[in-house]
Each structure stands twice: as C-alpha cells, then as structure tokens.
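Thanks for passing this one along.

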Amino acid sequence: MRNSTNVLNSLYKHCKDLDYKYERLYRILYNKDMYAVAYQRIAPKQGNMTAGTDGKTIDGMSIERIDRLIESLKDESYQPKPSRREYIPKKNGKMRPLGIPSTEDKLLQEVVRMILEAIYEGQFSDCSHGFRPQRSCHTAMEQISKSFCGAKWYIEGDIKGFFD
C-alpha cells in the first residue's frame, strides 16, 4: 500500500499537463492510508459529530468499517446512503436545508475530494478562491484590494435554493 502523500503528489505532478491521461484512479479508493488521512481531516470538524441516516458518527469510525467500505468498492456493491435532511437558521430568520450524509459516505467523499484536488488544483486560475485549499472569501477580498484600485464597494449575493 502506497503512502497517501506519495499517491497525491504523483497525481499533482501531472496536473499542469492537460494531455496527461490518468489511469486506474479507482484503485486509489482501495488504499487504507487515504482513509486515515481523510479521517484526520474531517474528524476535528464539529459538524461531523452529527449522525447521518445510519445513526453513526465519526467518533465510531474503525479500521473494520473502513475495510468493509473498501471491500464494497472492490466488489462494486457500494451504495451511498440517503442524506438526512436538517434545517439550520439563516441570518434573515429563514431556514436553510442541510443534507447530512452517513460517516462512510463522508469519508469516501473526502478521499475523492483529495484525489480530484490533486488532479485539478494546478489547473485552476489564480483568481479562483471558492472551495480551494488556503483560499477563502478573505483571500479573494485581499486579491481584489491589491489588483483593483477603482473598487469602492462589494456586493455579496446568495442564489435562492442554489444548493437545494
């Protein structure tokens, strides 16, 4: 089993080459070390202590559960569980729907996110800040303030039901 850092670095190494063809990416999902790193990334987040439809939380994760998840990917029997729908309050007093996936689904989503990030991060524009490592609305504002000298105000928007 290859170290997850080596796996991700080897993917990232080719990200600038638009003609490079990645092969056998699915087998990366069989690497236990990827799940260990994914667990370390998602476990500290408070929201992951919320149980999904399976009633389990991240603190109950085990090597056995990861082994079963990997085995279900290998034999192609894996099926994501439905997300549990919760509503959280917005600043304006309305409620925003939130889908809470099962722990195994969260873990697999994080592994897939890590793989896709390694492949595509190097291709993104430097002025893109949304949902990227070490980037946020704050880094976007900082870049705008440095490169646009004529802006006097900014507009924040929210598309109704965008994530629904």
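Is arginine 135 buried, partly exposed or exposed? Arginine 135 counts as partly exposed, at 23% relative accessibility; buried means under 20% relative accessible area, exposed over 50%, and partly exposed in between (1.4 Å probe, protein chains only).

1. Ground rules. This is a predicted model, in which local features need pLDDT of at least 70 and side-chain atom pairs count only at pLDDT 80 or more, while totals for chains, interfaces and linings use all residues. Residues are numbered from 1 along each chain as its sequence is written, and side-chain values use heavy atoms, with hydrogens and water left out.

2. The core. The largest nonpolar core holds 25 residues, and those with the most contacts inside it are Leu11, Leu29, Met34, Tyr35, Leu107, Val111 and Ile115. By nonpolar core I mean a set of buried Ala, Val, Leu, Ile, Met, Phe, Trp, Tyr and Cys residues joined through side-chain atoms within 4.5 Å. At least two residues of this core come from each of helix H1 (4–13), helix H2 (32–42), helix H3 (63–74) and helix H4 (103–120). H4 gives the largest share, 7 residues. Helices (H or I, at least four residues) and strands (E, at least two) are DSSP runs, numbered from the N terminus. As background, nonpolar side chains tend to be buried together in soluble globular proteins.

3. Tyrosine 35. Do have a look at the surroundings of this residue. Leaving aside neighbours within four places in sequence, tyrosine 35 is in contact (heavy atoms within 4.5 Å) with Leu29, Ile66, Leu69, Ile70, Leu73, Leu107, Leu108 and Val111.

4. A nonpolar patch on the surface. Val112, Leu116, Tyr120 and Phe124 form this patch, with about 350 Å² of accessible area together. Patches are made of residues with over 30% relative accessible area and no salt bridge, where like charges are joined within 9 Å and nonpolar side chains (Val, Leu, Ile, Met, Phe, Trp, Tyr) within 5 Å. The areas come from the Shrake-Rupley method with a 1.4 Å probe, and for residues only the protein chains shown count as cover. Tyrosine 120 lies in helix H4 and is partly exposed, with a relative accessible area of 41%.

5. Aromatic pairs. The whole structure has 2 aromatic pairs. Rings of Phe, Tyr and Trp (its six-membered ring) pair if their centres lie within 6.5 Å; planes under 30 degrees apart count as stacked, over 60 as edge-to-face and the rest as tilted. The ring centres of tyrosine 20 and tyrosine 22 are 4.9 Å apart with the planes at 80°, so this pair is edge-to-face. Tyrosine 26 and tyrosine 30 also form an edge-to-face pair, at 5.7 Å centre to centre and 90° between the planes. Tyrosine 26 is partly exposed at 39% relative accessibility, and tyrosine 30 is partly exposed at 28%.

6. Salt bridges. There are 9 in the structure, each being a side-chain nitrogen of Lys or Arg within 4 Å of a carboxyl oxygen of Asp or Glu. Lysine 32 and aspartate 67 meet at 2.9 Å, N to O. Lysine 32 lies in helix H2 and aspartate 67 in helix H3, so the pair ties together parts 35 residues apart in sequence. Arginine 132 bridges to glutamate 121, with the closest N and O atoms 2.5 Å apart; both residues are in the loop between H4 and H5, 11 residues apart, and both are buried. To return to the residue of my opening question, arginine 135 meets aspartate 126 at 2.8 Å, N to O, and aspartate 126 is exposed, with a relative accessible area of 53%.

7. Backbone points to check. Which phi does glutamate 76 have? Glutamate 76 has a positive phi of about 60° although it is not a glycine; its place is in the loop between H3 and strand E1 (84–89), and at 68% relative accessibility it counts as exposed. Glutamine 134, another residue that is not a glycine, has a positive phi of about 55°. Glutamine 134 is in the loop between H4 and helix H5 (137–147) and is exposed at 74% relative accessibility.
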